[in-house]
Amino acid sequence: MMRRLIPRPALSLALFLLWAALTNAASLGALLLGGLLALVMPFVTRRFWPDAPRLARPVVALKFAARVAWDMLVANWAVARRVVGPVASLSPAFVEVPLDLRDPFVATILSSIVSLTPGTVSVDVDRDRWVLHLHALDAPDPDALVRVIKLRYETPIREIFSC
Amino acid sequence: MNLVIEFVVASLILLGAAFALLGSVGLARLPDFFTRLHGPTKATTLGVGAMVLASAVYFTATQQGFSLHEIAVMVFLFITAPVSAHLLAKAALHRSAPECSEEIDDAGK
Amino acid sequence: MLNFAIEIGFVLIGIAVLLNLWRLLRGPDITDRILALDTLNINAIALLVLFGIRAASSAYFEAALILAAMGFVATVALCKFLLRGDIIE
């Protein structure tokens, strides 16, 4: 019953929080309308959503989010230094990261995190060979970068979604 | 508004503006498209995110109640930045080597 | 102190906008121009937020939100067009 009424609890919660933020959670009426929207919108948009894997470890997910936020600050500092430094000494490279995960939704999250963090932008996710194509701004040692991404981001994500 | 909050807002604005400027410096200065992509996706996003956060702190301090709607803009920016970067990179690959990126496209299906 | 910080913020973002315009005009490829437009859009959000703080009015926020949404859709549409030669398949 609960499952049928709220097919996507995470999506509903996100919609409700977004509505509360947009209206500044000003009044009870706004919150009620937000709750109604959070219940109705997942039904209306049901056909467009991919089958997301279940969030198996919410606590690990929160810790991981905090670490990603910190990494974003560090990565920005690194990019900023390289941008103002001598441009000719950069060694940009295309890097291929072989993935162990096998879920398109989780791969999308991983590629978004990779785009925002360590001096890399994801270019393509190859879903036949499960390889993440990246472009790195400054990667003198591509293998080390691959190891960092697998250990620091892919392993926790696989743990969080248990896939 | 007390001095501590004013200081926080001012430093967030300065930090954000500096990062946004660095992102644009990267856009103007780096040698090829794929390296240019790095500046705007990371530095500009974080910079504008910091300024939006400054606005949230400021309005929370000056008006009654919380000012949360700036957080929505920030979340939106952080979600969309990697997506546009990804699409731009794909488009650039497609243009620089059509045969090669066709392959990637087909494999991606 | 806050007003001073806002003025400096305007100057820094203004320089950033000029750099973006330079890249927009220079290219060389069309993807560079799209990237420059996207960055200009995000910097415009920053300017709006600064205006909002200076005017102590949260009315600017709605414009910033719409700019963020429209800018993203525009970038995606332009990239789709480059990739497929068509926007809506």
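## A strand pair in chain A

V95(A) stands opposite L134(A) in β3(A). Strands here are DSSP runs of E, at least two residues long, and helices are runs of H or I with at least four; both are numbered from the N terminus. The model is predicted: local features need pLDDT of at least 70, side-chain atom pairs count only at pLDDT 80 or more, and totals for chains, interfaces and linings use all residues. Residues are numbered from 1 along each chain as its sequence is written, while chains are lettered from A and ligands numbered from 1 in the order in which they are written.

β3(A) covers residues 131-136. Six bridges join this strand to β1(A), and the two run antiparallel. Two strands pair if DSSP finds at least two bridges between them.

## The sheet and what packs on it

The sheet of chain A is open and has three strands. Their order is β1-β3-β2, with antiparallel pairing. Strands of a sheet pair through backbone hydrogen bonds, either parallel or antiparallel. β1 (93-98) and β2 of chain A stand at the edges. Each has a single partner strand, so one side of each is left without a neighbour in the sheet. Neighbouring strands are turned by 25° against each other on average, direction ignored.

Two helices meet these strands. Helix α6 of chain A, residues 142-161, lies across β1 and β3 of chain A and runs at about 45° to β1(A). α4(B) also packs on the sheet, where this helix touches β2 and β3 of chain A. The direction of α4(B) makes about 70° with that of β2(A). Axes are lines fitted to C-alpha atoms, for helices over the stretch in contact; angles run from 0 to 180 degrees between N-to-C directions.

## Domains and single residues of chain A

The domain assignment of chain A gives domain 1 (2-48) and domain 2 (58-161). Such bounds come from an automatic or database domain assignment. The centres of the two domains, taken over C-alpha atoms, are separated by 31 Å.

S12(A) lies in helix α2 of chain A. S12(A) is partly exposed, with 19 other C-beta atoms within 10 Å. L28(A) belongs to helix α3 of chain A, residues 28-44. L28(A) is exposed, with 8 other C-beta atoms within 10 Å. The cut-offs: a residue is buried if 20 or more other C-beta atoms lie within 10 Å of its own, exposed if 12 or fewer, and partly exposed in between, with C-beta atoms placed from the backbone.

S12(A) and S115(A) are 103 residues apart in sequence and 26 Å apart in space. L28(A) and R54(A) are 26 residues apart along the chain, with 31 Å between their C-alpha atoms.

## Chain B: five helices

Chain B has five helices and zero strands. Along the sequence, the pattern reads α-α-α-α-α. Of the 109 residues of chain B, 58% count as buried. Among contacts in chain B between residues at least 6 apart in sequence, 60% join residues at least 24 apart. Two residues are in contact if their C-beta atoms, placed from the backbone, lie within 7 Å.

Helices α3 (residues 38-62) and α4 (residues 69-96) of chain B pack at an angle of about 175°, with their axes 9 Å apart. α3(B) and α4(B) are therefore roughly antiparallel to each other. Angles under 35 degrees count as roughly parallel, over 145 as roughly antiparallel, 65 to 115 as roughly perpendicular and the rest as oblique. Residues in this contact include V48(B), V52(B) and L53(B) of α3(B), and I71(B), M74(B) and F78(B) of α4(B). By class, the contact has twelve nonpolar, four polar and one charged residues. Ala, Val, Leu, Ile, Met, Phe, Trp, Tyr, Cys and Pro count as nonpolar, Asp, Glu, Lys and Arg as charged, and the others, Gly among them, as polar.

## Chain interfaces

Of the two pairs of chains in contact, chains B and C share the most contacts. Here 42 residues of chain C are in contact with 44 residues of chain B. α1 (2-26), α2 (30-55) and α3 (60-84) of chain C each supply at least two residues to the side that touches chain B. α2(C) gives the most, with 15 residues. This side of chain C has 30 nonpolar, eight polar and four charged residues.

In the other interface, 32 residues of chain A are in contact with 33 residues of chain B. α2 (9-22), α4 (58-84), α5 (104-116) and β2 (120-126) of chain A are the elements that give two or more residues to this side of chain A. The largest share, seven residues, comes from α4(A). By class, the side has 20 nonpolar, eight polar and four charged residues. Chain A and chain C do not touch; their nearest C-alpha atoms are 10 Å apart.
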